[in-house]
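Here are a few exercises to work through with your viewer open. Try each task before you read its solution.

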Amino acid sequence: MSVGISASDLRHALPALGLREFWYPAGRSKEFGRRPVGRKLLGADIVFLREPGGVHALSDRCPHRGMPLSCGDRRFEGTITCPYHGWTFNMHGECVAALNEGPESPIPGKVRVRTYPVEERNGVVWVFMGDGPPKPLSDDVPEELLAGRSIIDLRVAVWKCGWLPAIENLVDSHDVIAHRTSAFYLFRKLPSWVKVGATETADGKGVDVRYEAMGPVHDIYPNIGRWPRRSWYRRLGMSSPNSGHQGLSQLRLPSLVRAAFPRMNYVRWTVPIDEKTVRVFLFASTNATGLAALRNRLSYWLWMSWSFMTQILNQDQRLFEGQDYFAPEQLSQTDVGIIKWRRVLAACAQREAQQRANG
Amino acid sequence: MSVGISASDLRHALPALGLREFWYPAGRSKEFGRRPVGRKLLGADIVFLREPGGVHALSDRCPHRGMPLSCGDRRFEGTITCPYHGWTFNMHGECVAALNEGPESPIPGKVRVRTYPVEERNGVVWVFMGDGPPKPLSDDVPEELLAGRSIIDLRVAVWKCGWLPAIENLVDSHDVIAHRTSAFYLFRKLPSWVKVGATETADGKGVDVRYEAMGPVHDIYPNIGRWPRRSWYRRLGMSSPNSGHQGLSQLRLPSLVRAAFPRMNYVRWTVPIDEKTVRVFLFASTNATGLAALRNRLSYWLWMSWSFMTQILNQDQRLFEGQDYFAPEQLSQTDVGIIKWRRVLAACAQREAQQRANG
Amino acid sequence: MSVGISASDLRHALPALGLREFWYPAGRSKEFGRRPVGRKLLGADIVFLREPGGVHALSDRCPHRGMPLSCGDRRFEGTITCPYHGWTFNMHGECVAALNEGPESPIPGKVRVRTYPVEERNGVVWVFMGDGPPKPLSDDVPEELLAGRSIIDLRVAVWKCGWLPAIENLVDSHDVIAHRTSAFYLFRKLPSWVKVGATETADGKGVDVRYEAMGPVHDIYPNIGRWPRRSWYRRLGMSSPNSGHQGLSQLRLPSLVRAAFPRMNYVRWTVPIDEKTVRVFLFASTNATGLAALRNRLSYWLWMSWSFMTQILNQDQRLFEGQDYFAPEQLSQTDVGIIKWRRVLAACAQREAQQRANG
């Protein structure tokens, strides 16, 4: 059955555990202190802990006997000690002491644990998951999250679904259906339907998606007639200044969506935990300064924080946790953004696999 | 080890998800209204909903992106709309609108979702699970469930075991052991043992099972002596008119057991959910009319409803949920009904597999 | 990466479900009465029940239809009856009656269920899990558990980890790290580090492990300096008479560790339930008699029972349940006991596999 856009099914070529040679958000700065924190990203167990110089990330498996280092503690400045036999690692991942074996142990200097590059910016901790040398943070993280004091709010949630369904929907047309009943769209003249356009970005790392056309508030459909049928409340003509994004959103490698609203930039970053679970980072930010920034923050806390960041996202979570992502599917015109996104994603996954095979 | 009846082990030739070219009970009429209801039968997700013309059943996966249609709603007379992008299907399974794409969308008329034939009779909704054209309902459903006003009671339970163990036991000899302590048999002169006879039905769709012989109330066994040992209460000679079936029960394709009691017909229909779960439909019905029907209903509600439909069935559930069905087994004379049933079932499963392979 | 001791990785040659041709503890005597008790050991379901002559163990699957006999009951002296069809087995595993089939049934005398040799000693029930003829109990069970009235206490716990990690740690050096903060070691002059020595026992059935050297209470480590840093409380010089074992512990086939403390012998017996769960038997015993025995018992109940049997073991359980046993590992000098233990264990597993292949 092939209708509208035909596209070979790339779903099984997509990396269920995510792309590796990229920066990802690990958590809020305040989550990481001197007490080690274990967290799984992209299927890898990692321990994070803060030293005076900043946050560090090591593989959360002691190379001695496979014990999670995150169950250990910081017995010496700049180190973490395994709770089982006291093997102690510095923030470069080098074993500096095997407490159980004494000062003469041959272990220190010869055993190491993998480390992950970490950067902290704007109250967020970022980790580079690649095997290769880390790129600059700004290669992967959108500028609106790196500018000083730009982030208004960050929410973190764990959804019981893969990251692939969790990222695909902000660039399609489901808003006019799935979120029509939300407070966020309640007073908007929401179009009955949309036509989606998508273009691969110039750097090959994403897809720009826009509404190429929008239907009227009501339209007449063959077979079923007028839809939507009733919406007296929309006729009030009220409109929240923040409702409706500006017609452009962007899917970007490794796993994020950006959208610009009149008074807020929105980023949803879906970080795979394992193949069936995803940690979702929802960023609200603003480029404005001075009074405009103040107005945007106020607008966020009075309106977007609950109508969008809470209600819309709860609706999305319910949808994706119920979706049977790998069921037979029939993509159509409005899925053009998803089709192009999958091509970009699958191509990058193939490059990464090749790199790993080569060495 | 082969004792008594030797029979090649057919258990792995039996269809763990059930036979498909048959009618099954889906639920009570009152369960299905305008709100879609998702239900899994034979491993397939199905959404049921009621229109003025009756109840309809569609595959519970939107062909667009795999979303359960049962999470959607009825926005237009005679349709169901997917909650994700608003693809709308009529009760023939045809897509009549893709709300997100507008009136000009090429999707309607080209995409469809599978439908399942449904009939409603006597307060019960029946669904045909086959790929081929549906047979008349009366081919599969026993007459006592189709006659007007014949059903006295229907109970539905989900048991945590496969449907194969759940159906096999009403045709063997476990009553005289497993249910001896139940109120239902408390005042009966329950035989110490039975001899089972079984005959394939003339239409090849079932097995008739009867007690060919019954032991006395007590008997003397080699090695162990008299059994049962004490049963003063049975000597009272009291006997409920409804206790003890009339010596004949019938296993029938696809997955039901019928038994006639003096004042009640009993049907247990085991509907596979998945390989490890079964929905069990317990029907009590009567052929009588007029005062006799009234008496039978009274007798049911005063006696059988709790002594049989509650207590006996609870005992069965506990047994089957603990049984290791695929462990090595040693069938014997009293299992002749099960042996013949498995032959009938395996033969039909093979015919179905062949049909599917051919087309 | 190979440091210190290099050893081929034997972990996958170890029997995840345990060795079979050995005696294991099944439970406390008082757990087994006339009511059958089902219990899984080494992946096998077994039913235990007590007759006047002692405790018996049978396979917990009725050979008829796979029902757990432990759901049945004792209807006749010296037998157990299946709850489903009343097949009745004596303590030799022979079917003595098929109640559902009557005195003439051909089943009795022809069907049997596997039995396991059982011995009861000193308030503990032991079961032989092998296919071959049972050895004397004293071949496998340490003498301190068989002497009359020697056992002071037995605790049984189920840990959510394999038996392999659960047994390996009492013969390494983790005490000086993992248990340093426990009450048990609080007032001891615990060494900063140890050097471990290990010797295969003369009978080839175990490994003796001892501390060949011990570091001072504090030592100076390169890179990190003095460790442990603070321990004013240890300077008090107080020392519980029971703290610290006498420098020798022993790993023994099939799955136990023995250690001698000044006033207590300690045995930890790890009995596999399945590949991911282990039942741990913790025995405290004493060889002393008369007043010395009394003193040892008092010392146990006042001190060891909570500081060692509760706190230390809780620390161990937390560690092992978190350990990723099959992660890449890097053994070192202090693991010499584990390396030798794995060789003994793998060799025995190979002998057992060969025996099974031969017959």
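**Exercise 1.** Leaving aside its neighbours within four places in sequence, which residues is C:Gly337 in contact with?

*Solution.* A quick word on the ground rules: this is a predicted model, where local features need pLDDT of at least 70, side-chain atom pairs count only at pLDDT 80 or more, and totals for chains, interfaces and linings use all residues. Residues are numbered from 1 along each chain as its sequence is written, chains are lettered from A and ligands numbered from 1 in the order in which they are written, and side-chain values use heavy atoms, with hydrogens and water left out.

Step 1: collect the contacts (heavy atoms within 4.5 Å). You get C:Val171, C:Ala198, C:Val207, C:Val209 and C:Leu251.
Step 2: check the accessibility. C:Gly337 has 0% relative accessibility, so it counts as buried (under 20% relative accessible area; exposed is over 50%, partly exposed in between, with a 1.4 Å probe and protein chains only).

**Exercise 2.** Describe the interface of chain A and chain C.

*Solution.* Step 1: count residues; 28 of chain A are in contact with 39 of chain C.
Step 1: get the buried area (accessible area, 1.4 Å probe, lost when two parts are put together, summed over both). That's about 2700 Å², with 59% of it on carbon and sulfur atoms. On the chain A side, A:Arg65, A:Tyr84 and A:Pro103 lose the most, together 26% of what that side buries.
Step 2: look for salt bridges (a side-chain nitrogen of Lys or Arg within 4 Å of a carboxyl oxygen of Asp or Glu). In one salt bridge, C:Glu329 meets A:Arg65 at 3.5 Å, N to O.

**Exercise 3.** Which rotation superposes chain A on chain C?

*Solution.* Step 1: superpose by least squares on the C-alpha atoms of residues with pLDDT of at least 70 in both copies. The answer is a rotation of 120 degrees with 0.0 Å of shift along its axis, at an RMSD of 0.1 Å.
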